[in-house]
Amino acid sequence: MANSRFVHRRLYRRYEPTHGARHQHMNRTRRNPLTVDVVVPDSHGRITRIPPAYVSMSLRRMGPRFYGNPSYANCKLKVGDTEFWGHELFLSWKAQYFRDVFAAVHNDQYHSDVVIEDADGMLTGLPVITLPIEQCRSFDFVEMLYWIYTGDDDRWLSTFNGDNIDVIASNIERLGMTEEARALCRRFTSQ
């Protein structure tokens with residue numbers, strides 16, 4: 001059984017590296033208590049934990065390749081009349097709303113924002129998620145989605161202005177996005 005490969009996931013309190021330290025020390029934080037801990041056996045069958053900071057860094061590194069890419073996409077996001085390709089791992093990592101939606105989809109439960117795509121009378125099984133977000137001329141969902149995939153704070157912050165900050169903050173709350181997104185709003189308003 002030592003050679004078997006598996007991934008075990010459980011809920012835990014999130015650990016993040018402290019900033020400014022030469023060595024990465026882990027600090028316990030209670031900001032986001034629902035985060036996935038990935039546990040993988042090594043070649044000798046010993047269990048090792050992959051720190052969430054490493055998973056987050058890896059997702060950010062892979063984000064540009066997956067953003068807008070239909071390869072491995074397992075959903076479509078619909079905002080108004082526009083559709084975007086979505087990847088569950090990236091979306092669920094950054095927003096509670098997506099974790100709830102995908103839990104419903106995986107458990108074959110009804111969710112009011114999800115329709116299973118139907119192509120030529122055949123169900124393809126690809127969920128189309130109509131996002132419950134506010135629209136306005138100056139709000140660009142593309143930039144929010146790009147941030148979800150890449151964590152590029154500066155790019156998203158450059159789209160913030162006095163006209164759209166309230167809409168952005170409202171959408172962050174509606175989607176239950178991480179503390180990082182809320183911190184960006186605070187950073188903009190304190191400037």
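A salt bridge is counted here when a side-chain nitrogen of Lys or Arg lies within 4 Å of a carboxyl oxygen of Asp or Glu. The structure is a predicted model, in which local features need pLDDT of at least 70 and side-chain atom pairs count only at pLDDT 80 or more, while totals for chains, interfaces and linings use all residues. Residues are numbered from 1 along each chain as its sequence is written, and side-chain values use heavy atoms, with hydrogens and water left out.

**Exercise 1. State how many salt bridges the structure holds, and trace the network that links Arg60, Lys94 and Glu180.**

Solution. Step one is the count, which comes to 8 salt bridges. Side chains of opposite charge can pair when their charged atoms come close.

Step two takes the pair of glutamate 180 and arginine 60, whose closest N and O atoms are 2.5 Å apart. This pair joins distant parts of the chain, since glutamate 180 sits in helix α7 (residues 179-189) and arginine 60 in helix α1 (residues 52-66), 120 residues apart. Helices are DSSP runs of H or I with at least four residues, strands are runs of E with at least two, and both are numbered from the N terminus.

Step four assigns exposure, where buried means under 20% relative accessible area, exposed over 50%, and partly exposed in between (1.4 Å probe, protein chains only). Lysine 94 is buried because its relative accessibility is 2%, whereas glutamate 180 at 25% is partly exposed, as is arginine 60 at 31%.

**Exercise 2. Describe the salt bridge between glutamate 173 and arginine 182.**

Solution. The closest N and O atoms of this pair are 2.8 Å apart. Glutamate 173 is partly exposed, with a relative accessible area of 47%, and arginine 182 is also partly exposed, with 25%.

**Exercise 3. Identify the residues with the most contacts inside the largest nonpolar core, and the element that gives this core its largest share.**

Solution. A nonpolar core is a set of buried Ala, Val, Leu, Ile, Met, Phe, Trp, Tyr and Cys residues joined through side-chain atoms within 4.5 Å. The largest one has 39 residues, and Leu77, Phe141, Trp156 and Met177 have the most contacts inside it. Among the elements that give two or more residues to this core are α1, β6 (75-79), α3 (96-106) and α6 (165-175), while the largest share, 6 residues, comes from α4.

**Exercise 4. Determine which residues line the largest cavity.**

Solution. On a 1 Å grid over the protein atoms alone, a cavity is a set of points where a 1.4 Å probe fits but cannot get out, and lining residues have an atom within 4 Å of a point. Grid points are joined across faces, edges and corners, and a volume is the space filled by probe spheres set on the points. The count is 1 cavity of 30 Å³ or more, and the largest cavity holds about 40 Å³ of space. Its lining consists of Ser56, Leu59, Arg60, Phe90, Trp93, Lys94, Ile148 and Tyr149, with α1, α2 and α4 each supplying at least two residues.

Key. 1 Å grid on protein atoms, 1.4 Å probe; cavity = no way out; pocket = protein on both sides within 12 Å on 5 of 7 lines; lining within 4 Å.
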